[in-house]
Amino acid sequence: MSEPLLEIRGLRKHYGAVRALDGIDLQVRAGSVYGFIGPNGAGKTTTIRILAGLIRPTSGSVFLGGRDLRADRVRAAQGLRALVEVPSFYPGLSGRENLTVFAKLARAEAGDVDRLLEAVGLTHAAQRAVGGYSLGMRQRLGIAQALVGKPRLVVLDEPMSGLDPSAIHLVRELILAERQTRGVTFFLSSHLLHDVETLCDEVGIIHRGAIVAEGRIEELLGDAISGYHVRTADDAKALEALTASIPAARPRLHPDGGLVVEGDEALAPALHRALLEVGMPAIAVTPMRETLERYFIEKTDGVMG
Ligand code: ATP
């Protein structure tokens, strides 16, 4: 990998006896969208709060652009934006005024404020006082604020939480566009693995304060077949036949109909044979590939976040 934009080395955070972070290492390439995922209580927010400078680590280092955030925070944190929990604004000022104040401080280009208000779907509410904004509207404004000026690295804690489906769509498009056109790098935590899969190119999985997997999503998941979805004329009878002949493939009924079995390409002939033997050829056999959700569950002992 070329020099990472963000590098975390041996980061630990202990709260008394609780080891929230137990020595994590990770690297985020410039220009990537990095998904930071893990079950509840794994240490995501703790990591993000350290990045944001809200809490101090027990030990370990964070480097941004090669500079140590702890030793040289003012210079190292230049261009670092973090949106953690509910963003705070001046309640008496409008959405546009809030962003304008921020844009002046960030020496942003003229037009940035209106462009971003539109991108998060807040143009219609831009003149209203933020004190009257809903939680989701504040979240949208917070994301717009994080992108004002030309940030290098934008750290977002659960950016999609509390957003409606159209806002989720807008934010996803905005993140991809900012990365594409302005080279902004993103580090975001999320429990929405489908969104992570469509948005992020790299992920890090944290579990009990340690990184258990990291890398490009397609490399982690591979393109190997992980199982098959099978349609037959009689699912109950097929389940019985498959359970008797290929129990290791853990045949089970799929909630949406049909059955699923686990295994790679080598399983297909045995699967067809077992069904033919009971006089019930498969109507359809569809290969299933590894999903981020399955991979996540496997890496985190089935503790779903
Ligand atoms: P979630 O997905 O539920 O938001 P998370 O991955 O963000 O979880 P953290 O909030 O980082 O998890 O918490 C990691 C661990 O540190 C948990 O065991 C949590 O209880 C503990 N922890 C976090 N903050 C504190 C604190 N201020 N005092 C004591 N323990 C804390």
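This is a predicted model: local features need pLDDT of at least 70, side-chain atom pairs count only at pLDDT 80 or more; totals for chains, interfaces and linings use all residues.

Reader: Fine. What follows α10?

Author: Gly279 follows α10, and its phi is positive, near 65°.

Reader: And which residues of α10 are buried?

Author: Helix α10 spans residues 267-277, and its buried residues are Leu267, Ala268, Ala270, Leu271, Ala274 and Leu275. Buried means under 20% relative accessible area, exposed over 50%, and partly exposed in between, with a 1.4 Å probe and protein chains only.

Reader: What covers them?

Author: The cover includes strands β11 (225-231), β13 (259-262) and β14 (284-289), together with helix α9 (235-245).

Reader: Stepping back, how many helices and strands are there?

Author: The chain has eleven helices and 14 strands. Its C-alpha atoms fill a box of roughly 75 × 45 × 35 Å along the principal axes. Of the 305 residues, 47% are buried.

Reader: Glu178: buried or exposed?

Author: Glu178 is buried, because its relative accessible area is 2%. This residue belongs to helix α6 (residues 165-182). Apart from neighbours within four places in sequence, Glu178 is in contact (heavy atoms within 4.5 Å) with Arg115, Leu116, Leu147, Gly183, Val184 and Phe186.

Reader: Where does Asn98 lie, then?

Author: Asn98 lies in helix α3 (residues 95-105). Asn98 counts as buried because its relative accessibility is 4%. With neighbours within four places in sequence set aside, its contacts are Phe89, Tyr90, Leu93 and Val130.

Reader: Now Asp301. Why does it count as exposed?

Author: Asp301 counts as exposed because its relative accessibility is 52%. Asp301 sits in the segment after α11 (292-299). Leaving out neighbours within four places in sequence, Asp301 is in contact with His207 and Arg208.

Reader: How many residues apart are Asp301 and His207 along the chain?

Author: They are 94 residues apart along the chain, and their C-alpha atoms are separated by 9.1 Å.

Reader: What about Ser59, which strand is that in?

Author: Ser59 is in strand β4 (residues 59-64). Ser59 is partly exposed, because its relative accessible area is 27%. Not counting residues up to four places away in sequence, Ser59 touches Gly10, Leu11, Arg12 and Arg70. Ser59 and Ala126 are 67 residues apart in sequence, and 43 Å apart in space, C-alpha to C-alpha.

Reader: Changing topic: how many positive and negative side chains are there?

Author: There are 35 positive and 37 negative side chains, and the centres of the two sets lie 8 Å apart. Lys and Arg count as positive and Asp and Glu as negative, while His and the chain ends are not counted. The place of a charge is taken as NZ of Lys, CZ of Arg, CG of Asp or CD of Glu.

Methods. Residues are numbered from 1 along each chain as its sequence is written. Side-chain values use heavy atoms; hydrogens and water are left out. Helices (H or I, at least four residues) and strands (E, at least two) are DSSP runs, numbered from the N terminus.
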